[in-house]
Amino acid sequence: MTLKEKIIFEALRQFSTKGFMATSTADIINVVGTSKGGLYNHFKNKEQLFLEVLRQARKIWRERNLAGLETIERPVDKIKHILVNYKDHYLADSTNFPGGCIFINLTVELSDQCPHLAAEVSEGFGRFKSMLRRFLEQERLAGMLKDNVEIDGVVEVVFSGLLGACVMYTADKSKSNLDQAMGALAAYIDNQCIS
């Protein structure tokens with residue numbers, strides 16, 4: 001691992017547990033075992049480091065949550081597969097995200113203090129919701145959604161349920177509660193379908 005990669009990795013872990021505002025560059029420098037020059041040789045400031053950490057976090061999110069999706073044909077089964085991946089591979093990743101979902105943590109922390117950075121994080125939420133919407137629209141085109149299903153409402157329920165389950169899991173670390181929440185979301189999705 002290069003020095004730049006170590007800095008990003010440790011910053012990711014620090015931001016995940018302590019947040020962006022409470023993590024100083026000195027904290028990152030100490031954990032990595034480098035100097036100020038070592039950090040600032042790669043990043044002109046903490047905000048640039050934040051953007052690199054966010055890019056890395058998104059890459060990990062995609063790797064964990066979208067794994068195996070290409071082998072699944074039915075769109076709602078893709079959504080349910082994402083729920084399983086999220087539970088078993090993303091939230092379980094305490095190596096990269098010891099503080100839980102970095103996106104939720106950072107959005108809550110930064111929404112009032114650094115709204116431009118919170119907007120950067122929230123952009124990913126919008127893309128995820130668009131993907132859910134696309135899968136549900138494909139399901140409707142295939143004639144597999146019930147006629148009265150409002151796609152945007154289903155997207156909001158699934159998205160909000162996923163975030164809520166993540167927050168509760170971060171707080172209580174209860175695998176059984178997380179399994180139950182994800183099972184309820186999968187059942188809700190099934191209930192929107194004809195078969």
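**Exercise 1.** In this predicted model, state how helix α5 (residues 75–90) and helix α9 (residues 175–191) are oriented to each other, given that they pack at an angle of about 170° with their axes 10 Å apart.

*Solution.* Begin with the description itself: two packed helices are described by the angle between their axes and the distance between the axes. Here the angle is about 170° and the axes lie 10 Å apart. Next, apply the cut-off: angles over 145 degrees count as roughly antiparallel. Therefore α5 and α9 are roughly antiparallel to each other.

**Exercise 2.** Find which residues of α5 meet which residues of α9.

*Solution.* Take α5 to start: its contributors are V76, I79, K80, L83, Y86, K87 and D88. Then turn to α9, where the partners are K175, L178, D179, M182, L185, A186, I189 and D190.

**Exercise 3.** Describe the secondary structure and the extent of the chain.

*Solution.* Count the elements: there are nine helices and zero strands. Written in sequence order, they give the pattern α-α-α-α-α-α-α-α-α. For the extent, the C-alpha trace spans about 60 × 35 × 30 Å along its principal axes.

**Exercise 4.** Work out what share of the chain is buried and what makes up its accessible surface.

*Solution.* Of the 195 residues, 44% are buried. The accessible surface comes to about 9,700 Å². Carbon and sulfur atoms hold 53% of that surface.

**Exercise 5.** How many positive and negative side chains does the chain have, and how far apart are the centres of the two sets?

*Solution.* The chain has 24 positive side chains and 24 negative ones. The centres of these two sets lie 5 Å apart.

Note on methods: Residues are numbered from 1 along each chain as its sequence is written. This is a predicted model: local features need pLDDT of at least 70, side-chain atom pairs count only at pLDDT 80 or more; totals for chains, interfaces and linings use all residues. Side-chain values use heavy atoms; hydrogens and water are left out. Helices (H or I, at least four residues) and strands (E, at least two) are DSSP runs, numbered from the N terminus. Buried means under 20% relative accessible area, exposed over 50%, partly exposed in between (1.4 Å probe, protein chains only). Accessible areas come from the Shrake-Rupley method with a 1.4 Å probe; for residues, only the protein chains shown count as cover. Lys and Arg count as positive and Asp and Glu as negative; His and the chain ends are not counted. The place of a charge is taken as NZ of Lys, CZ of Arg, CG of Asp or CD of Glu. Axes are lines fitted to C-alpha atoms, for helices over the stretch in contact, and angles run from 0 to 180 degrees between N-to-C directions. Angles under 35 degrees count as roughly parallel, over 145 as roughly antiparallel, 65 to 115 as roughly perpendicular and the rest as oblique. Contact means heavy atoms within 4.5 Å.
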